[in-house]
Each structure stands twice: as C-alpha cells, then as structure tokens.
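Student: I have a structure to go through and would like to work by question and answer. Can we take it piece by piece?

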Amino acid sequence: MNDAKPSPVAGPASTQSGVLAGVSAMSNSSGVRRAIGTTIGQYHGRTCARGEPVIEFNAVDKAFGPNVIYRGMNLKVRLGETLTIIGGSGQGKSVCLKLMIGLLHAEGGQVCYYGEDVGRMNAEQLRELRMRVSMVFQGGALFDSMTIARNVGYALREHTDMGDAEINQRAAESLTLVGLGPDEYPEIMEQMPAVLSVGQRKRVALARSIAVRPEVILYDEPTTGLDPSNCNRIARMIRKLQRELGVTSIVVTHDMTTAWYVSDRVALLHNKQFPFVDDVPTFRAIDDPIVRDFIEGRTS
Amino acid sequence: MTQPTGDPTGDPTGDPTGDPTGSGAGAEPKSDEPSALREWVINVGTTINAGIKWCGGLAVMFGQAAIRGPRRPFGLFDISYQIVQLGIRSIPVTTMMSLFVGMILAWQFGEALADFGAKNSLGYVTSLALVRELVPTLLAVTVGTKMATGMTAELGSMKVTEQIDAISALGADPIKKLVWPRLVAASIAMPLLVAWGNVVAMLGGMLISDTVFDVPAGYFYHTYIDELEPLHYIMSETKALVFGGLAGIVGCYQGFTTKFGTEAVGLATTETVIAVSVMVLLADFALTTFFMPIG
C-alpha cells in the first residue's frame, strides 16, 4: 500500500472535541445535516473514527481508450483530514475525484466509501453518496440559468421537502460561510452567476457544495486562475470549513503554496500511481528527485 | 510528473514520421496503392463503426429518458419552459416557411394544371402534397434543426463547463433534468407547429390561387378541405411527432457527447444539422411507406 505510513491528522485532529462540538452546534442550529441525514463517521450502520480510512482506492485501473490513467493505484483518505493531490497536468488528478463520487468508473480494482464499492452502487445509492461527498468543480460549474440562491439551494430543493423560505435561509447561511453572505452583498441571492468574478463564482460553488453539509468535499483545482489574494482567501476557506463543519477535504491543485497551507497529507501522482503520500513535513523532506522536481518546479 | 520531451526511444535517426516499423531510413520505397486501399477500408470501417455506436448511444439515451422521465416529479415547469423556448419562439419562422411553401407549391402546380385547363383542381392537388408531406418535412428540417442545434449548443456548453457533471454530483439525474423536458417539449411543440403550418400553407395557396390563377379563394378552400381525410391529418401529425422526438433526442445526445473545448461545441452543433436532416428524411420515408398502403 502506498500510503501505509500512518501520520497523525494535523490541525483538526488536535482539536477534535472542539470541532465535533462545532459540528454539533452547526447541525443543531441549521438542521440541514439532520434534514439530509448525513452524520459524520456513520453510514449505513458502519462507523469510521477520525483518522481511519473513509475512502479507499484498491488496485484501481482506469484508462480512456489507449490513454492509461491509473494502473494498480492505491490511496486512502482518512476521515477528518485534508489530503492534497498534486501532479502534472493531464495525469488524472481530477479523474481521481470523479472516481470517488461515481462520475467515472474504474475498469479494475475498487473505489470504496465506508467499504462499499462506489462502482457497484445503484442510482439511489449514488444519490445518497453524492449527498455526503460533494464536489467543487474547477470552473465552479454554476448553472447559468439560475440565480445564486437557486444554485446554492439546488441540492436541497432536489432532495429535501424543505420550503423555499427555509432553503433560501440555508443558502444564505452557506454563502455567509464562504464570505458572500447577504449582509455583505445584499443583492447576491438574486444575481446570476455571469455577473460574478471568477473568485466569487468559486466561492458560490463552494457554498453550493456545503449547503447539504457533506461529510467529504472534493476540490478540483480551487485556486486555478485566481490572483494571490483570492488564492489565499480560498485556502483559508478550505481550512475554515474543515474546522467549522468537520469535513474531510480532498484538494487537487498545482499551487504548492495552497497545498502546504491546507494539507494534512500530500499525495503525488506519478507514473499512474501515488508513490509518495505523507504528512506535510515528511513530504517536504522527501529527497527523491521526482518529488523535489515537482515541488521546486524544476524541469530536469 | 511530465515525461521528458526528448525522444524517449533514443532513436538516433530521429524519424519524424514516427514509423513504428523503423523502416523510414534506408528502407525500399513501397507502392502507395495497397496502403491507400487499406486506409480507405479502415476509414469506411471506422465510419460504419462510429455510425453504429452513435445510433446505439442515441437509442440508449432515448431509453433512459423514457424510463426515468415519467417518474415523479414530472418536471412540468421545465417542460412548459422548453415548450415556450422551442415552440412559441418558433412560430414566426414556422409561419414564414409555411406561407411561402404554400404559395410556391400552388404556383408551381397552378402553372402545370393551367396547361391542361385543370386549374380548378388546384386545391385538390396542393392539399395532399402540403399536409401529408411538405409542411411536416420542411418544418422538421428547418424548425426541427433549429430546435436541435439550440439544444446541442446549450447542453454542449453545459458539458464543457462541467455543469452536467455538477448536476450528477449534486445527486440529480441529468437525463431527467435536461433530456426529458426537451424531448417531451419538442414532441409536443412540433405537432402544434405543423398544425399551424398546415393552416398557414393553405392560406398561402389560397392567396396564389385567387390572385394569380383567378380560382376563387373560397373554391380553393372547399376543394382543399374536401380532398383531405382524417388519416391525412393523422399522418401529418404522426410525422410531426416523430420528427419532433428525433430533433429532441439528437439535439440532446449531441450536446451530451460534446468533446471538451469551445470548438467541439461548434462541431457538435454542425453535426446536429446533418444528423437531424438525415434522420428526418429516413423517418419520413419509413412513415410514408407505413401510411401509404393504409391511405
């Protein structure tokens, strides 16, 4: 197993009780997690303690025609951690996220969530999975034809019987969490995505993904195309959401500054596998030229 | 980690053709004919294979929409919205197309009939051609293509910007959310447009009949209506229903299978024009073959 070396989950794990208290407070105050039925660390009667693997890739093979992306790839994502996936462009980092959420299926091996093979889930199980594991797409992927409020409340409207007023309130809560609350931006709820800046769209996309209070959030290059201050804002937001909602985060990025800031562990995709997976201090100390070349931006 | 950009094989000849046989340098020149034939056969095979895959994909998407679409909630708001987008907004072009088709056909038939002194039969002759064939087919090729390309461009853009993936990622069903309303709306809108087009085409015929051939409009109307039987209306509307459904499913399928990049959206939209036109003509032939013995 590539990530066999256990490393303590930094940050959130050290304040575990505080986080759980925060999550509990959030759950009770918003009721969204209760409405959706997501409970961190519990799924279909199975439990997972913080630091234990919640998502596992076991000998996964994936190819698009002749283009092999993964060959016998193994990776474990632990509950409560922020795992950052780094690697060259076009090597399949985003594919990894899409396999986790069942948008793509592996040709070989298993992608397991609480031990259940995502590839074998039926439509209803996948729907349930996607209520617990949400994804923030690279460009935001906001629905152009809907207002911000409808975008953020989309999943709640689809999967709960909450009324419009309640959904709007949840949308406002989620927008506030990402710094775009109606108190600061009074007209944001009725605005269309086209009028927002790229950074704001990414934050709205983040708000949309947290509206269902997921257990795991997948971030596909959250800082790509943003200026340094917005990169910093998004990175802090990822940390804040982990702290306040207790979510497990998987971040795909090229931006090493963001990676060092948000990560508990870092995984480097190389040669269709993850040969280097470690906590940040250990990863930064790795002397292998493959790792050094990547993190130092060398082209040798 | 990106691979080194240099030649990974270390081939000292640096063969720019990438000839896997390594026969580029110093090999005897070969005749082009066998390889050209082979390439032609491969191309034909690839095209047939792609065509079969395309038809299969279309059938699968139609099946998925037919199974998942009618489940609750039915998405009546989305269907109504699409009917407005596809149907109501197509009324001007439908009116113009039908009016001119009616006028042109009446004029052409009128000239031919006048030579035989049979211009009073103008209503009889034009009615069957317009109602059974020309109005539904021409509207399908023009308005149906307009509907389908609109769907392809919209859904293709959504695909490129990952909005379709986002719908799935939020636990909703893109087939139910995007394909079903468009398919139903196109299947409802097209028969309504064809019904309206039949009326307008008849008015166009009346206008030419009265002004060019001195056949009174009232007489034209009575002969026109007398010739038509219920089966002809059924044939016209059945064709419209099928053409609308084809436009809907082809437009959606092309949108969903758009490759990445804005250029791909343009390519998919262009292919939709051809696909809808061909499919409509094939379906027209099949339906005509089916209805003619009955009529």
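**Salt bridges, interface and voids**

Tutor: A:Arg265 and A:Glu81 pair through their side chains in a salt bridge, at 2.7 Å from N to O. Keep in mind that this is a predicted model.

Student: Why does the pair of A:Arg265 and A:Glu81 tie together parts that are apart in sequence, and by how many residues?

Tutor: Place each partner. A:Arg265 sits in strand 11 of chain A, and A:Glu81 sits in the loop between strand 4 (67-78) and strand 5 (82-87) of chain A, so the parts tied together are separated in sequence by 184 residues.

Student: How many salt bridges does a search of the whole structure find, and what is the count between chain A and chain B?

Tutor: The search over all chains gives 18 salt bridges. Between chain A and chain B, the count is 3.

Student: Which residue of chain A meets B:Asp165 in a salt bridge?

Tutor: The cut-off is 4 Å between a Lys or Arg side-chain nitrogen and a carboxyl oxygen of Asp or Glu. B:Asp165 has a partner at 3.3 Å, N to O. That partner is A:Lys98.

Student: What is the count of residue pairs in polar contact between the chains, and which element of chain A gives the most to the side that touches chain B?

Tutor: There are 7 residue pairs in polar contact between chain A and chain B, with both residues at pLDDT 80 or more. On the chain A side, at least two residues each come from helix 4 (123-132), helix 6 (154-159), strand 11 (265-270) and helix 12 (289-295). The element that gives the most, with 4 residues, is helix 6.

Student: How do the residues on that side of chain A divide by class?

Tutor: Take the side of chain A that touches chain B. The charged residues number 8 and the polar ones 6. The nonpolar residues number 13.

Student: What area is buried between chain A and chain B, and which residues of chain A lose the most?

Tutor: About 1,700 Å² is buried between the two chains, and carbon and sulfur atoms give 58% of that. Three residues together make up 26% of what the chain A side buries. They are A:Phe137, A:Phe143 and A:Tyr154.

Student: Which residues line the largest cavity, and how many are charged?

Tutor: The cavity has about 40 Å³ of space. Its lining consists of A:Val136, A:Phe137, A:Lys202, A:Leu206, A:Tyr219, A:Pro222 and A:Ile234. By class, 6 are nonpolar and none polar, and the charged count is 1.

Student: Which element gives the largest share of the lining of the second largest pocket?

Tutor: That pocket has a volume of about 960 Å³. Of its 30 lining residues, A:Ser145, A:Met146, B:Asp78, B:Tyr81 and B:Lys177 lie nearest the centre. Among the elements that give two or more residues are helix 6 of chain A and helix 4 (122-160) of chain B. The largest share, 7 residues, comes from helix 2 of chain B.

Student: How do the residues lining the second largest pocket divide by class?

Tutor: The polar residues number 8, and the charged residues also number 8. The nonpolar residues number 14.

Methods:
Residues are numbered from 1 along each chain as its sequence is written. Chains are lettered from A and ligands numbered from 1 in the order in which they are written. This is a predicted model: local features need pLDDT of at least 70, side-chain atom pairs count only at pLDDT 80 or more; totals for chains, interfaces and linings use all residues. Side-chain values use heavy atoms; hydrogens and water are left out. Buried area is the accessible area (1.4 Å probe) that two parts lose on being put together, summed over both. A polar contact is a pair of N or O atoms within 3.5 Å; within protein, one must be able to donate a hydrogen and the other to accept it, and residues adjacent in sequence count only if both atoms are side-chain atoms. Ala, Val, Leu, Ile, Met, Phe, Trp, Tyr, Cys and Pro count as nonpolar, Asp, Glu, Lys and Arg as charged, and the others, Gly among them, as polar. On a 1 Å grid over the protein atoms alone, a cavity is a set of points where a 1.4 Å probe fits but cannot get out, and a pocket is an open set with protein on both sides within 12 Å along at least five of seven lines; lining residues have an atom within 4 Å of a point. Grid points are joined across faces, edges and corners, and a volume is the space filled by probe spheres set on the points.
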